[in-house]
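Student: I would like to learn how to read a few local features. Could you take me through some?

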Amino acid sequence: MEQVPTGGRLVQITVTDGYDLKGYKGDTPVTFVRAEFNQVTLGDSAKITVSSEGTAKYNFTSSFEFNPEGGITLNDLAHNPVFLTVTEVLQKEKKQKDEKNLILGQAVVDLLPLLEGESSFEMVVPLHPVQGSPLETPRPGSKKDYPILFKNGTLKLGGERETFPRPKKWPIANILAPGANNIPDAYIVGGPYEEEEGELNHPEDREFRNQAEYTKKRIIWDLESRCYLDPPAVVSFQKRIVDCWLWPVEMIRVPLVIAPKGKAGKTEKADDESQLSFHGVAYVNMLPLLYPGVKKIRGAFHIYPYLDSTVYEKTKLSFSLFRDTGHHLNQNNKVGGINSPLTKPVVSKNLKEDKTVKEKDIDGKIKPGDVQAPSIKSQSSDTPLEGEPLLSHNAEGQQYFEAGTYIVLEIQLDKALVPKRMPEELARRVKEMIPPRPPLTRWTGGAQKAMSDYHTQIKNISKAILDEYYRMFGKQVGSNIDSETLEEQKCQLNYEFNSSGKYFAFKEQLKHAVVKIVREKYLRTTSFESQEELQTFISELYVFLVDQMHVALNEAMPDDVQSTVSAVHTSSEQLRLFAFEAEVNENFEMAAVYYKERLVREPQNLDHWLDYGAFCLLTEDNIKAQECFRKALSLNESHIQSLLLCGVLAVLMENYEQAEIFFEDATCLEPTNVVAWTLLGLYYEIQNNDIRMEMAFHEAVKQLQARAVQTQVTKEKSTDNVECAEEGGNIESSLGPWGTINDSSSAAVKAVGAGGRNGAGAALSILDEFLEESSKLPSESGELILSTQFQDSSIDPKQSNLFFKEIPEKKETPKFQDSSAILQPAPYSGVSQTPATIFMETIRFLMKVNAVQYVHRVLAHELLCPQGGPSCEYYLVLAQTHLLKKDFTKAEECLQHAVRLDYLNPNVWGMKGHLYFLRGDHAEAKACYERTISFVLDASEMHFIFLRLGLIYLEEKEYEKAKKTYLQACKRSPSCLTWLGVGIACYRLEELMEAEDALSEANVLNNYNAEVWAYLALVCLKAGRQLEAEQAYKYTLKLKLKDEALLAEIHTVQEMVGFGNPSF
């Protein structure tokens, strides 16, 4: 600030440099600075060109006079700042008189330091950009989009193939060297169609895409454009996807126009309206980018005609990137773009990849020609003006749809928007909830060790007694010694032991072993409360010790005098079958005994724990079921079924955080498991997480489709093998009504059908011949078993409940009494069966483990699923749930629907038979069962169909049919009930030897069945064997036979033969 002659002072403002400048027309604009104070222009600087680094040397000085007596006062200095406006000077165009200037921004200089005593000061002030200025930077949270445009696609002729791998190219024009177009180390790899996220990813689309992308004319770009998303942009990107999943990708056709020299401006103006032709749009589902761990979307998307109403309905976007936002399509011949929903028209720019069409479609289909669709629209509004017609028809764009045009896009992120839990973390969380439990080491003490010590002492004492006997009487011991001599020797031996003290030594030697048995076996460590309790315990202990003494002595005896009685052991699978029969009977106590017996035999077998847990779910003991499933998981932390069941129980018990961990871990360990993805989606539905629910269901569908393709390929190979075998005359061994248990059965059935109706009739006529062969076929998967028979004769079979079970594959198949090999699935594969959906597959899994509470939720999804709906299997499952509740009316309604949908399904008729049987209508049940077994293909519950049909035959005194039916059941899955049925039928047919054999077999499998003992008593009575008849009758009464008619028949036969009842 300088002194002036008139008493005032001169204030000078000098602008030296400008930094980080850029203009509208480039990064090196021509600019000048204008200074203003108190609404008065102080002057303009020279026009300076900004350097490539964004700096400009202005060295511009302006001034004004400060006079306290008048003009600019101290108050003006305090109140008004100095404004420095930076303006860009645009080049003058032809026929333009004046230059056009655009303001870039303003800087503000505060003069308050002059009032505070400073005579001069220097400062750096920011240049604030005006709205729309290139200096403007987006604020955090603000939205600004950048268009990524692709142009000049390459037309490929039909049959012309691209190099593999195809290099990706820079989306930059005017690259001189052809090789410089390629991005280093970047190639288009692609992948199987089934793994894509687009629309044309089904097996039936493969041939169409192969023709379109390889053999027909097409247009390719192979361009890759990259964008940087800062953290605020990432948040905005995620929010837009959440707001609208579908993003439109617009496509138009732009003809190549060469403008005459000097008339380019006119040509552009005249062609603005004519360039918007063949306007199409593809809808890209961006939701997968919000799935955990997903970083890429790749797929083929159909091109549809661009219609405002349809685009708004799908994307909530009310404007077109080309038509309404003022983009100059002719500039650089740019085409296409992905519109971000909810973007403002002024700044609508976003990620895109698109295709330009000259005379050909993307898939090579020929266009009829250039047909212009006239339209009238507002140039300043996103909505049509009043009276202007809506674009309700797009004849040119419709050709895309008719030709099947599609576009292949790939959007890839460097980092996933939503991070995914690592498998290691999931495994760690599972270990925290369920730590692995190593098998318990055997304790050297305990009951078993006490028994072993007792047996050892008995053997030692017996050897000592025998040695003393030989010493006294010699070794000339034979059967010719009379009883008096033996009694005299015994007295002499006792006298010797008592007089010599050896008896007391033997007793002391045995005392310690007996004390250990009392403590370890009977857990008695305290004194008895009464003398009676002591006497009772001593009596029980004495009987036990004597029995164990005989066991030890038998082991110590020579082989020639040992008993040759062979022990009979039931297998684990037989125990499971017996448990199923008890479950159906609602005899849950007996079922629990069988399940616990399996656990005692093989405590480290996780399948046994899963079966017991499923049984606990049936009895609604969720806490014990959870313990069983977690025990199974602790034995094998990677067991998928255990993880899923732990997750199901966690949901049922509302431990949602644990459920998510279990389900996610299952999908990580086995990404192809359809049930795991479906259960995870159902969990997210409960949590109202729509995005992740969509992700899980989508993945489940993709895995189911991939498996269907693999199954189809396997089936075709199997069919080829069968046809070859048929030509060689070796097909007979693979045919038959019961030979459809394994996967090769479908091919065999197809061969029979090709031979005409006579083939099926011949197979039915020789049914018995194939029964034995079918029982030997290996099984490859699980079967739904409908348990309906009763194990305990004290329960009325007419009142028994009904449910399905599944028996998994057995690794070992014994020669005899193998219930597993026959109870493996014979899946119905009739002509009217439709492929299972992800929900139906999950329903099968849940029904197998008795998780009925979950089933109804999944059934609702199955009903609404486009590929599902009210199918035959849907009604069958619904009927099962009603039968579990004994709601026979609703079950019958469901079965009527199932019959109408699939009249030839043996499962439907089998289920109807069970319904009528439980209702007591045995005549209708018999008709349904007979129809079921007459089908070439088996129903899934043939074991119990045979049992109930045989029972009906016995009631109606058709004993030959009953015998044949029960024998078929014995060949499939022998049990006490199947052999009992054979024994009853043979007894009624007066075939006493066959009846005794069958009843003996039943007694071996279960010697607690009173009805078996009753019929054994009848057989022995008629065979004249008094002792055996009385023994069987004694056990019949001891086990409390409930059939009064059968008991009366026994009494009648006893009176007739004159023996059999010891109480006479």
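Student: Where is Phe 121 found?

Tutor: Phe 121 lies in the loop between α2 (112-115) and β9 (128-129). Helices (H or I, at least four residues) and strands (E, at least two) are DSSP runs, numbered from the N terminus. This is a predicted model: local features need pLDDT of at least 70, side-chain atom pairs count only at pLDDT 80 or more, and totals for chains, interfaces and linings use all residues. Residues are numbered from 1 along each chain as its sequence is written, and side-chain values use heavy atoms, with hydrogens and water left out.

Student: What is the relative accessible area of Phe 121?

Tutor: Buried means under 20% relative accessible area, exposed over 50%, partly exposed in between (1.4 Å probe, protein chains only). Phe 121 has 32%, so it is partly exposed. Contact means heavy atoms within 4.5 Å. Leaving aside neighbours within four places in sequence, Phe 121 is in contact with Asp 110, Leu 111, Pro 113 and Leu 114.

Student: How are two packed helices described?

Tutor: By the angle between their axes and the distance between the axes. Axes are lines fitted to C-alpha atoms, for helices over the stretch in contact, and angles run from 0 to 180 degrees between N-to-C directions. Here α9 (residues 446-473) and α12 (residues 531-556) pack at about 60°, with axes 9 Å apart.

Student: Which residues of α9 meet α12?

Tutor: Met 451, Tyr 454, His 455, Ile 458, Lys 459 and Ser 462. Their partners in α12 include Phe 544, Leu 545 and Gln 548.

Student: Which helix holds Arg 692?

Tutor: Helix α20 (residues 690-727). Arg 692 is in contact with Pro 292, Val 418, Glu 660, Glu 664 and Tyr 684, leaving aside its neighbours within four places in sequence.
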